[in-house]
Amino acid sequence: MTIWVDADACPVAAKEILFRAAVRTETPVVLVANQYMRVPPSPFIKSIQVVSGFDVADNEIAQNAQAGDLVVTSDIPLAAEVVAKQCVALNPRGELYTKENIRSRLNMRDFMETLRSSGIQTGGSPPYDQTDRQKFANQLDAYLARQKNKRG
């Protein structure tokens, strides 16, 4: 089991939580980004730098993630793609994407994109705060505990 991180837009605080979890649980974490990412020295943490371009990092993750892997991303189309591959998708704010909710998330994303393209201001995401960090850490810990129980 590997944790794949769509790292270009992942908040630093979420990455730090992932780094600590990787070392604590000896779980491989792979950050994928189109820019250089500094990671702590650990056999469980690595980064992959892909060429710049639209969805290049997302495609790298989608091609390499396998059933049972965890993908950390805010990108809803990527989440939908990996959920279809039987991966678990988690955004840095602690929301799990599942087979049950991913379709509605995609529909809402498309709706908001239509509004923006027609000139309507929709606002952005609120700042990443302590509540987001806590929700993310809790979901990550729950996922890692389930994986540990599966392994025995």
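# Briefing on a predicted model

Thr-73 is placed in the loop between β4 and α3, where helices (H or I, at least four residues) and strands (E, at least two) are DSSP runs numbered from the N terminus. The structure is a predicted model, in which local features need pLDDT of at least 70 and side-chain atom pairs count only at pLDDT 80 or more, while totals for chains, interfaces and linings use all residues. Residues are numbered from 1 along each chain as its sequence is written, and side-chain values use heavy atoms, with hydrogens and water left out.

**Thr-73 and its surroundings**

- Thr-73 counts as buried at 1% relative accessibility; buried means under 20% relative accessible area, exposed over 50%, and partly exposed in between, with a 1.4 Å probe and protein chains only.
- Apart from neighbours within four places in sequence, Thr-73 is in contact with Asp-6, Leu-78, Ala-79, Leu-90, Asn-91, Pro-92 and Tyr-97, contact being defined as heavy atoms within 4.5 Å.
- One of these partners, Tyr-97, stands 24 residues from Thr-73 along the chain, and the two C-alpha atoms are separated by 9.8 Å.

**The second largest pocket**

- The second largest pocket has a volume of about 290 Å³.
- Its lining consists of 14 residues, of which Gln-86, Cys-87, Val-88, Tyr-97 and Lys-99 are the closest to the centre of the pocket.
- On a 1 Å grid over the protein atoms alone, a pocket is an open set of points with protein on both sides within 12 Å along at least five of seven lines, whereas a cavity is a set of points where a 1.4 Å probe fits but cannot get out; lining residues have an atom within 4 Å of a point.
- Grid points are joined across faces, edges and corners, and a volume is the space filled by probe spheres set on the points.
- At least two lining residues of the second largest pocket come from each of α3 (76-84), β6 (96-97) and α5 (130-151), and α5 provides the largest share, 4 residues.
- By residue type, the lining of the second largest pocket comprises 7 nonpolar, 4 polar and 3 charged residues.
- In this division Ala, Val, Leu, Ile, Met, Phe, Trp, Tyr, Cys and Pro count as nonpolar, Asp, Glu, Lys and Arg as charged, and the others, Gly among them, as polar.

**Cysteines**

- A disulfide is a covalent bond between the sulfur atoms of two cysteines.
- Here a disulfide is taken as a pair of cysteine sulfur atoms within 2.5 Å, and the count by this rule comes to 0 disulfides.
- Cys-10 is buried, with a relative accessible area of 6%, and Cys-87 is buried, with a value of 7%.

**Helix α2**

- Helix α2 spans residues 56-64, and its residues Ala-57, Asp-58, Ile-61 and Ala-62 are buried.
- These four lie on the same side of α2 because they cover an arc of only 135 degrees around the axis, the arc being that of the directions from the helix axis to the C-beta atoms.
- The buried residues of α2 pack against β1 (3-6), β2 (29-33), β4 (70-72) and α3.
- Asn-59 also lies in helix α2 and is partly exposed, with a relative accessible area of 37%.
- Between Asn-59 and Glu-81 there are 9.7 Å in space, C-alpha to C-alpha, and the two are 22 residues apart in sequence.

**Helix α5**

- Leu-140 lies in helix α5 and is buried, with a relative accessible area of 0%.
- Beyond neighbours within four places in sequence, Leu-140 is in contact with Ile-3, Ile-17, Leu-18, Ala-21, Leu-70 and Leu-90.
- The C-alpha atoms of Leu-140 and Leu-70 are separated by 9.1 Å, although the residues are 70 apart along the chain.
- Gln-147 is in helix α5 and is buried, with a relative accessible area of 10%.
- With neighbours within four places in sequence set aside, Gln-147 is in contact with Met-1 and Gly-68.

**Positive phi angles**

- Most residues other than glycine have a negative phi.
- Glu-26, in the loop between α1 (12-25) and β2, has a positive phi near 55 degrees and is exposed, with a relative accessible area of 55%.
- Asp-55, in the loop between β3 (45-49) and α2, has a positive phi near 65 degrees and counts as partly exposed at 29% relative accessibility.
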